[in-house]
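Open the structure in your viewer and keep the selection tool ready. Each stop below says what to pick and what is there.

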Amino acid sequence: MRKSHPIRRFVLAGAATVSGIVLLLSLKPATDPASAQAAGGAAPPAAASPQGGAQAAGSGTVTGDAARTQYGAVQVRLTVSNGKITKAEAVQAPKGGQSDQVTANAVPKLNQAAVAAQSADIDAVSGATYTSTGYKQSLQSAIDKANAAAGASQGSGGQNPGGGAAQARTVTGAVAQTQYGPVQVRVTVSGGKITKAEAVKAPSGGQSTNITATAVPKLNQAAVAAGSAEIDAVSGATYTSAGYKESLQSALDQAGG
């Protein structure tokens, strides 16, 4: 019998080994999850986290202080959303006898005016001077409370000192006594400028009521426009104008000029 050559046996054994390796490689998966991700493949989608919406800043309901009038108390409640008045309503208003009709006619108009003006600078409703005056006073109180709450919320948010928008500040001046009654002015100051002025006290009763209803809105506008107490007196309301300017200057002094 012919003997196999040693070299030939070695070559055959090597060929068998290579064939075995090739077969094993052909059976192994081309990729695995880890290698796919490392190569830039898409990873399995993560479970979606539940979405929750936070309430908008500067939103809520606030009720102003009750304002006493000759015919009864007036108290206003506001709904504010994102810093804007979206609803105004009188939770207290004069009632009984003729007051029922006056209230039914005046309050809806005052509510609409408050939302439209976004401030307490609204016109009195004809035939409802006292109710209108009390409404505006309580409305201003509600606005001041809303501003104070928004300012406190911003302050707790960790803003850097001196950073962001200047925070509004509301200051009430000293009462100025006039021949026809006291005058007291409240101002809102932001960034060193008067953004709002309001007479929280003004002469009332008899002819003074009509004079106040005419003069005070003009004085309020003049204070904001001038940014100081250097404003002209309203014709026919000299005493009221002088008292207004005196209290306005007091408020500005408290606000730092």
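## First stop: helix 6

Start with Ser241, which sits in helix 6 (residues 238-254). Helices here are DSSP runs of H or I with at least four residues, strands are runs of E with at least two, and both are numbered from the N terminus. This is a predicted model, in which local features need pLDDT of at least 70, side-chain atom pairs count only at pLDDT 80 or more, and totals for chains, interfaces and linings use all residues. Residues are numbered from 1 along each chain as its sequence is written, and side-chain values use heavy atoms, with hydrogens and water left out.

Is Ser241 buried or exposed? Ser241 counts as buried because its relative accessibility is 0%. The classes are buried under 20% relative accessible area, exposed over 50%, and partly exposed in between, with a 1.4 Å probe and protein chains only. Now show the contacts of Ser241, meaning heavy atoms within 4.5 Å. Beyond neighbours within four places in sequence, Ser241 is in contact with Leu219, Ala233 and Val234.

## Zoom out: the whole chain

Color by secondary structure. The protein chain has 6 helices and 8 strands. Read from the N terminus, the order is α-α-β-β-β-β-α-α-β-β-β-β-α-α.

Next, color by burial. Of the 257 residues in the protein chain, 30% are buried. Then show the surface. The accessible surface is about 15,900 Å², and carbon and sulfur atoms hold 54% of it. These areas come from the Shrake-Rupley method with a 1.4 Å probe; for residues, only the protein chains shown count as cover. Take contacts between residues at least 6 apart in sequence: 47% of them join residues at least 24 apart.

## Helix 5

Select residues 207-226, which form helix 5.

Move to Ala215. Helix 5 bends there by about 25°, and a proline, Pro217, follows within four residues. The bend is the angle between axes fitted to the seven residues ending at a position and the seven starting there.

Highlight the buried residues of helix 5: Ser208, Thr209, Thr212, Ala215, Val216, Leu219, Asn220 and Ala223. Two of them deserve a click.

- Ser208 counts as buried because its relative accessibility is 12%. Leaving out residues up to four places away in sequence, Ser208 touches Tyr180 and Pro203.
- Val216 is buried, since its relative accessible area is 8%.

Step just past the end of helix 5. Gly227 has a positive phi of about 70°.

## The largest pocket

Select Thr129, Thr133, Gly134, Ala202 and Thr212. Of the 28 residues lining the largest pocket, these lie nearest its centre. The pocket holds about 610 Å³ of space.

How is a pocket found? On a 1 Å grid over the protein atoms alone, where a 1.4 Å probe fits, a pocket is an open set of points with protein on both sides within 12 Å along at least five of seven lines; lining residues have an atom within 4 Å of a point. Points are joined across faces, edges and corners, and the volume is the space filled by probe spheres set on them.

Which element gives the largest share of the lining? Helix 4 does, with 7 residues. Strand 2 (67-69), helix 4 (129-155), strand 8 (193-201) and helix 5 each supply at least two lining residues.

## Strand 7

Select Val185, in strand 7 (residues 181-190). Val185 is buried because its relative accessible area is 0%. Apart from residues up to four places away in sequence, Val185 touches several residues, including Val171, Glu198, Tyr244 and Leu248. Ala174 is 11 residues from Val185 along the chain, and their C-alpha atoms are separated by 7.7 Å.

Most residues other than glycine have a negative phi. Check two positions against that.

- Asn82 has a positive phi, near 55°. Asn82 lies in the loop between strand 3 (72-81) and strand 4 (84-92). Asn82 counts as exposed because its relative accessibility is 53%.
- Gln118 has a positive phi of about 60°. Gln118 lies in the loop between helix 3 (98-117) and helix 4. Gln118 is partly exposed, since its relative accessible area is 32%.
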